[in-house]
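The following exercises concern a single protein chain.

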Amino acid sequence: MDVKAAPNGVATIEDRILRITGYYGYYPGYSSQKSTSRPSVTRCKPGANCPSSHSGISRQLSPLSITEDSSAPILELQSRGSSGVCGHRVERQNRSGDDGTQTHPENSSQENRIKARCLSCTSMVLKAVWGLLIILSVSSSWVGTTQIVKITYKNFYCPFFMTWFSTNWNIMFFPVYYSGHLATAQEKQSPMKKFRECSRIFGEDGLTLKLFLKRTAPFSILWTLTNYLYLLALKKLTATDVSALFCCNKAFVFLLSWIVLKDRFMGVRIVAAIMAITGIVMMAYADNFHADSIIGVAFAVGSASTSALYKVLFKMFLGSANFGEAAHFVSTMGFFNLIFISFTPVILYFTKVEHWSSFAALPWGCLCGMAGLWLAFNILVNVGVVLTYPILISIGTVLSVPGNAAVDLLKQEVIFNVVRLAATIIICLGFLLMLLPEEWDEITLRFINSLKEKKSEEHVEDMADSSVHLRSRSRANGTVSIPLA
């Protein structure tokens, strides 16, 4: 039975059925375009010989046959439907196979990214944990050193001998470093090979007698002078005041680096330097400009200044040093102190400036405790730079101020008036401002911009979600119709 083309473009009943049922791959005019190649189907009468013994339907594949039965379109639809479904399944399987081969490297790359993120997070957590431990160790060692000095002064006041004795302990810095190298390194080196490797801080030729005298002498003198002035200040002032005034060395380092090394000018560090100077003046005013107070402030500020000069000259002549090179350099200064500065306490002893009755009367326990804690402080400062962030070492130093204040309050050696408390807080704030990185303004702007972008993205997502919700509600309230023709 032939069906003429309808006005809406649908040519046959088959097209209508395909359109209604949603046949995969259907397009209008499908049956009309394939009518010439459609095979004819004939029915076999009962008892007649059929051309095919396998089925009751014979299909003539000749394109000249135009005889069609009414059941032919349905048979063709069934065959095409089954083949279409099978082909669709095979195509899906092939696509799934291709997607599997393509997604496999993507999954592996995703796993690698996740592992890299986990490793980075783990390293950051370890650094933070090490930083917390080193902060506590640095502050406690510095507080312990200062308080032991105050205790030693009750029975024994020889500040230069104490400085010389504690500086000699720096000789043990490199042996401690080499012991750590033997315990942790996979490829262990001999002591002489490691010593020569670390002596490159003096130049390509290593440590020579000329460089030993030329490079070690000025730094050893500055080291001794810094510690000697610090001990002199502890005789005139409390441990809290001296440790707070010593924190001004960060401001002096910035000023000297700006003048000598031509470092970048930073307004916030100028403000920090002004705060440090203000704190110094207020600290001297706290005791109504008493003579001992002014002298003690001068000693503490002098110690901070020589410490700043030591750091700036080290950066100028020796540059940056790793842990091994720093250990080598500090041990070398200990040898220089033992060889060339030992005559100074001898002279002070015979001139009765620093005199004691006998060596048995010396407080060896306090002296060794002070020297050991001082050595531990220097080792922790250099180890901390390797294990954690350098800014945490500086925070550990400034935390020695409240630590000494707590000990002084327990010992009832200090009375905090408003001026002294304000001076201490101002100096500590100036020290913390010095810890800001050079690009702190750019980092702050990036952080603010990232917050703004996140807020705008969240706003856009909320608007999109609300529009999708409105559309779903309108669809639920409306009706859906399927056109048949």
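**Exercise 1.** Is Arg-420 buried or exposed?

*Solution.* The scale is set as follows: buried means under 20% relative accessible area, exposed over 50%, and partly exposed in between, with a 1.4 Å probe and protein chains only. Arg-420 has a relative accessible area of 6%, and therefore counts as buried.

The model is predicted; local features need pLDDT of at least 70, side-chain atom pairs count only at pLDDT 80 or more, and totals for chains, interfaces and linings use all residues. Residues are numbered from 1 along each chain as its sequence is written, and side-chain values use heavy atoms, with hydrogens and water left out.

**Exercise 2.** Identify the salt bridges of the structure and describe the setting of each partner.

*Solution.* Step 1. A salt bridge requires a side-chain nitrogen of Lys or Arg within 4 Å of a carboxyl oxygen of Asp or Glu. The structure holds 2 of them.

Step 1. Asp-241 and Arg-420 pair through their side chains, with N to O at 3.1 Å. Asp-241 belongs to helix α8 (residues 239-246) and Arg-420 to helix α17 (residues 418-434), so the pair ties together parts 179 residues apart in sequence. Helices (H or I, at least four residues) and strands (E, at least two) are DSSP runs, numbered from the N terminus. Asp-241 is buried, its relative accessible area being 2%.

Step 2. Glu-197 pairs with Lys-194, and their closest N and O atoms are 3.9 Å apart. Both residues lie in helix α6 (residues 191-198), 3 residues apart, about one turn of the helix. An α-helix has 3.6 residues a turn, so residues three or four places apart point the same way. Lys-194 counts as buried because its relative accessibility is 8%, whereas Glu-197, at 30%, counts as partly exposed.

**Exercise 3.** Which residues touch the most other members of the largest nonpolar core?

*Solution.* Step 1. A nonpolar core is a set of buried Ala, Val, Leu, Ile, Met, Phe, Trp, Tyr and Cys residues joined through side-chain atoms within 4.5 Å. The largest has 59 residues, of which Phe-156, Phe-161, Met-162, Leu-234, Leu-245 and Val-297 touch the most other members.

Step 1. A second, separate core of 21 residues includes Phe-173, Ile-201, Ala-327 and Val-330.

Step 2. Contact means heavy atoms within 4.5 Å. Beyond its neighbours within four places in sequence, Leu-234 is in contact with residues including Tyr-153, Ala-239 and Val-242.

**Exercise 4.** Where is confidence lowest and where is it highest in the chain?

*Solution.* Step 1. pLDDT is the predictor's confidence in each residue, from 0 to 100. The chain has a mean pLDDT of 75, and 71% of its residues reach 70 or more.

Step 1. Confidence is lowest in strand β2 (residues 57-60), at a mean of 36, and highest in helix α4 (residues 159-168), at 95.

Step 2. Over residues 30-102 pLDDT stays under 50. Where pLDDT is low, the predicted coordinates should not be read in detail.
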